[in-house]
Amino acid sequence: MPCLNISTNVNLDGVNTSSILSEATSKVAKILKKPESYVMIVLKGSVPISFGGTEEPAAYGELVSIGGLSNDVNKKLSSAISTILLSKLSVLKSRFFLKFYDVQCSHFGWNGSTF
């Protein structure tokens, strides 16, 4: 029930996406104090993205969570995810936006119902 969606213009062919997914899952769970079993990470590559007028490596992410978000937590999440993208995909931290959504449990579906 935290869900992190990341889109990047980087081609993911030949990239160890499992390590990105695993590391992002661990970081999101730890920072939000949520069980890893509820964390979903979606990673899409080769998405046409222009940032600042160039198509250099860039990424956009959205993190949806039922509670747990705050100014301090959001900064930690932004730092952790941007560090992963820099080390694994060479996306500079300055070329990554991350948007946060704190939603009510009734607005998040799972297992044929809602939380």
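Asn 111 is located in the loop between strand S5 (109-110) and strand S6 (113-114), where helices (H or I, at least four residues) and strands (E, at least two) are DSSP runs, numbered from the N terminus. The model is predicted: local features need pLDDT of at least 70, side-chain atom pairs count only at pLDDT 80 or more, and totals for chains, interfaces and linings use all residues. Residues are numbered from 1 along each chain as its sequence is written, and side-chain values use heavy atoms, with hydrogens and water left out.

**Residues with a positive phi**

- Most residues other than glycine have a negative phi, and most peptide bonds are trans.
- Asn 111 is not a glycine, yet its phi is positive, at about 55 degrees.
- With a relative accessible area of 65%, Asn 111 is exposed; exposed means over 50% relative accessible area, buried under 20%, and partly exposed in between (1.4 Å probe, protein chains only).
- Ser 46, also a residue other than glycine, has a positive phi near 60 degrees.
- Ser 46 belongs to the loop between S2 and S3, and its relative accessibility of 44% makes it partly exposed.
- Lys 33, which follows H1, has a positive phi near 60 degrees.

**The four-stranded sheet**

- An open sheet is formed by four strands in the order S2-S1-S3-S4, with mixed pairing; two strands pair if DSSP finds at least two bridges between them.
- Strand S2 (40-44) and S4 stand at the edges with a single partner strand each, so one side of each has no neighbour in the sheet.
- Direction ignored, neighbouring strands of this sheet are turned by 10 degrees against each other on average; axes are lines fitted to C-alpha atoms, for helices over the stretch in contact, and angles run from 0 to 180 degrees between N-to-C directions.
- Helix H1 (residues 17-32) packs on the sheet and touches S1, S2 and S3, and its direction makes about 140 degrees with that of S2; contact means heavy atoms within 4.5 Å.
- H2 also packs on the sheet, where it touches S1, S3 and S4, and its direction makes about 140 degrees with that of S4.

**Strand S3 and its partners**

- Strand S3 (residues 59-65) is largely enclosed by the rest of the structure, because five of its seven residues are buried.
- Strand S1 (residues 3-8) and S3 run antiparallel and are joined by six bridges.
- S3 and strand S4 (residues 96-102) run parallel, and seven bridges join them.
- Tyr 60 has a bridge partner in S4, namely Phe 97, and Tyr 60 is itself the bridge partner of Ser 7 in S3.
- A right-handed β-α-β unit is made by S3, helix H2 (residues 71-89) and S4; a crossover is right-handed if, with the strands pointing away from the viewer, the path from the first strand over the helix to the second runs clockwise.

**Ser 7 in strand S1**

- Ser 7 lies in strand S1 and is buried, with a relative accessible area of 15%.
- Not counting residues up to four places away in sequence, Ser 7 touches Lys 44, Val 47, Ile 49, Ala 58, Ala 59 and Tyr 60.

**Helix H1**

- Asn 16 caps the N-terminal end of H1, with a side-chain oxygen 3.3 Å from the backbone nitrogen of Ser 18; a polar contact is a pair of N or O atoms within 3.5 Å, and within protein one must be able to donate a hydrogen and the other to accept it, while residues adjacent in sequence count only if both atoms are side-chain atoms.
- The 16 residues of H1 should span 22 Å at 1.5 Å a residue, which agrees with the 22 Å between its end C-alpha atoms; the expected span is 1.5 Å times one less than the number of residues.
- Ile 20, Ala 24, Thr 25, Val 28, Ala 29, Ile 31 and Leu 32 are the buried residues of H1, and what covers them includes S1, S2, S3 and H2.
- Ser 22 is in helix H1 and is partly exposed, with a relative accessible area of 46%.
- Ser 22 and Glu 62 are 40 residues apart along the chain, and their C-alpha atoms are separated by 17 Å.
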